[in-house]
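Subject: Handing over the model

Dear colleague,

Here is the structure I promised to pass on, together with some notes on what turned up when I went through it. Please open it alongside this message.

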Amino acid sequence: MTILITGAAGFIGFHTAKRCCEEGLEVVGIDNLNDYYSVELKRARLAQLAVFPNFRFLAMDIVDKGALLELFEANAFTEVIHLAAQAGVRYSIDNPDAYAESNLIGFLNVLEACRTFKPKHFIYASSSSVYGLNGKLPFSVDDRADSPISFYAATKRANELMAHSYAHLYGIQSSGLRFFTVYGPWGRPDMALFKFTQAILNNQPIDIYNDGQMSRDFTYIDDIVEGIVRLRLKPPSSQSNPEAGSQQSTAPSKVYNIGRGKPVKLLDFIDCLEAAIGVKAQRNYLPMQSGDVVQTWADVSALAEWVGFDPQQSVETGVAEFVKWYRDYYQV
């Protein structure tokens with residue numbers, strides 16, 4: 001059994017690969033190691049994976065269809081966990097081409113490889129951003145998701161539709177996960193927790209948008225990985241309930257929310273961070289940013305019913321674990 005994990009040098013990809021290696025699975029990881037954020041951090045993650053004899057890494061871009069097909073031909077992948085993508089809501093406003101290449105063309109290339117070589121399960125990353133202007137809380141996979149307010153969100157919703165079409169046409173068993181504000185050790189530098197921690201420890205102010213009147217369904221990385229590893233053993237079938245928005249479909253394609261299911265006010269989140277660091281933040285309140293939403297809240301009942309797991313980690317404990325990692329990694 002060999003698993004392909006794309007985006008293996010990324011935040012979620014690294015943790016997923018590590019967990020799969022710890023469980024004794026053969027893992028091939030690929031990543032293009034782009035410079036959207038620190039390549040040094042990505043290489044440090046890969047160094048953690050290099051200790052596993054059952055892990056193999058290849059520097060590869062999913063936009064390169066020929067190389068991807070050669071990789072699939074040389075390896076009998078039983079499962080594909082597709083986490084490679086151009087991330088970031090705000091970056092997509094200024095650099096939409098990067099999202100079209102990675103999140104649309106790259107995603108199509110992975111689907112084409114799966115169509116040709118037929119792994120048993122294709123799991124891919126979506127995002128809570130697909131809910132866009134949806135005002136109903138909590139966000140349910142049964143809600144419509146056709147009002148994205150960023151191009152990043154639009155590409156993620158497109159991925160869900162692309163996966164469904166390939167499931168319908170070619171029987172590819174596909175599961176999409178809408179991630180809700182993932183945080184934890186080895187996190188991305190463009191995420192709020194990382195930026196806040198860095199600023200506070202450097203005695204710099206933190207920027208708080210919408211005057212702090214926001215809430216997020218913060219989800220700890222270990223809970224995300226637990227959901228992924230449980231899901232990999234439970235692909236959908238054509239007898240599964242139709243996915244949201246496709247009530248007449250019997251294609252083996254499902255989409256799930258994966259979040260804590262308990263939104264936290266941004267200001268309370270910052271309070272937890274201050275407590276973990278032991279320093280009060282200098283708070284710089286600013287207006288709302290374009291492409292952002294006021295609140296997110298995941299209805300996780302569909303995933304909980306399917307895999308028997310609800311995310312458990314509290315924000316207090318999760319934030320403390322991140323601060324501990326940050327201090328250790330950056331020696332501060």
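In which loop is Pro-138 found? Pro-138 sits in the loop between strand S5 (121–127) and H6, and a cis peptide bond, with omega at about -10 degrees, joins Leu-137 to Pro-138. Please bear in mind throughout that this is a predicted model, and that the values below are computed from it.

Two further backbone details concern residues with positive phi. Thr-181, which is not a glycine, has a positive phi of about 35 degrees, and its place is the loop between strand S6 (174–179) and strand S7 (182–183). Trp-186, likewise a residue other than glycine, has a phi near 70 degrees; Trp-186 is found in the loop between S7 and helix H7 (192–201), where the residue is buried, with a relative accessible area of 12%.

Salt bridges

The model has 17 salt bridges, and I describe some of them here. One is formed by the side chains of Arg-19 and Glu-226, with a distance of 2.9 Å from N to O. This pair links distant parts of the chain, as Arg-19 belongs to helix H1 (residues 11–22) and Glu-226 to helix H8 (residues 221–231), 207 residues apart. Arg-19 is partly exposed, with a relative accessible area of 23%, whereas Glu-226, at 17% relative accessibility, counts as buried, because the cut-off for buried is under 20%. Both residues also belong to a network of salt bridges that links Arg-19, Glu-23, Glu-226 and Arg-230.

A second salt bridge joins Arg-157 and Glu-160, whose closest N and O atoms are 2.5 Å apart. These two residues are three residues apart in helix H6 (residues 151–170), so they are separated by about one helical turn. Arg-157 is buried, at a relative accessible area of 16%, and Glu-160 is buried as well, with a value of 0%.

In a further salt bridge, Glu-274 pairs with Lys-280, the closest N and O atoms being 3.5 Å apart.

Which residues of H3 are buried? They are Ala-67, Leu-68, Leu-71 and Phe-72, and they lie on the same side of H3 because they cover an arc of only 135 degrees around the axis. On the other side of H3, the residues Glu-70, Glu-73 and Ala-74 are exposed. As for what the buried residues of H3 pack against, the list consists of strand S1 (2–6), strand S2 (26–31), strand S3 (55–59), strand S4 (77–82) and H5.

The pairing of H3 with H5 can be described in more detail. The axes of helix H3 (residues 65–74) and helix H5 (residues 96–117) come within 10 Å and cross at roughly 35 degrees, and this crossing of H3 and H5 is right-handed. From H3, the residues Lys-65, Leu-68, Leu-69, Phe-72 and Glu-73 take part, and they meet Asn-109, Val-110, Glu-112, Ala-113, Cys-114 and Phe-117 in H5. Sorted by class, the contact of H3 with H5 contains seven nonpolar, one polar and three charged residues.

The loop around Ala-87

Is Ala-87 buried or exposed? Ala-87 is buried, with a relative accessible area of 17%, although its place is in a loop, the one between S4 and helix H4 (91–94). Leaving aside residues up to four places away in sequence, Ala-87 touches Tyr-36, Tyr-99, Tyr-152 and Arg-188. Ala-87 and Trp-297, for their part, are 210 residues apart in sequence and 20 Å apart in space, taken from C-alpha to C-alpha.

Definitions and conventions
Residues are numbered from 1 along each chain as its sequence is written. This is a predicted model: local features need pLDDT of at least 70, side-chain atom pairs count only at pLDDT 80 or more; totals for chains, interfaces and linings use all residues. Side-chain values use heavy atoms; hydrogens and water are left out. A salt bridge is a side-chain nitrogen of Lys or Arg within 4 Å of a carboxyl oxygen of Asp or Glu. Helices (H or I, at least four residues) and strands (E, at least two) are DSSP runs, numbered from the N terminus. Buried means under 20% relative accessible area, exposed over 50%, partly exposed in between (1.4 Å probe, protein chains only). Axes are lines fitted to C-alpha atoms, for helices over the stretch in contact, and angles run from 0 to 180 degrees between N-to-C directions. A crossing is left-handed if the near helix is turned anticlockwise from the far one by less than a right angle, and right-handed if clockwise. Contact means heavy atoms within 4.5 Å. Ala, Val, Leu, Ile, Met, Phe, Trp, Tyr, Cys and Pro count as nonpolar, Asp, Glu, Lys and Arg as charged, and the others, Gly among them, as polar. The arc is that of the directions from the helix axis to the C-beta atoms.
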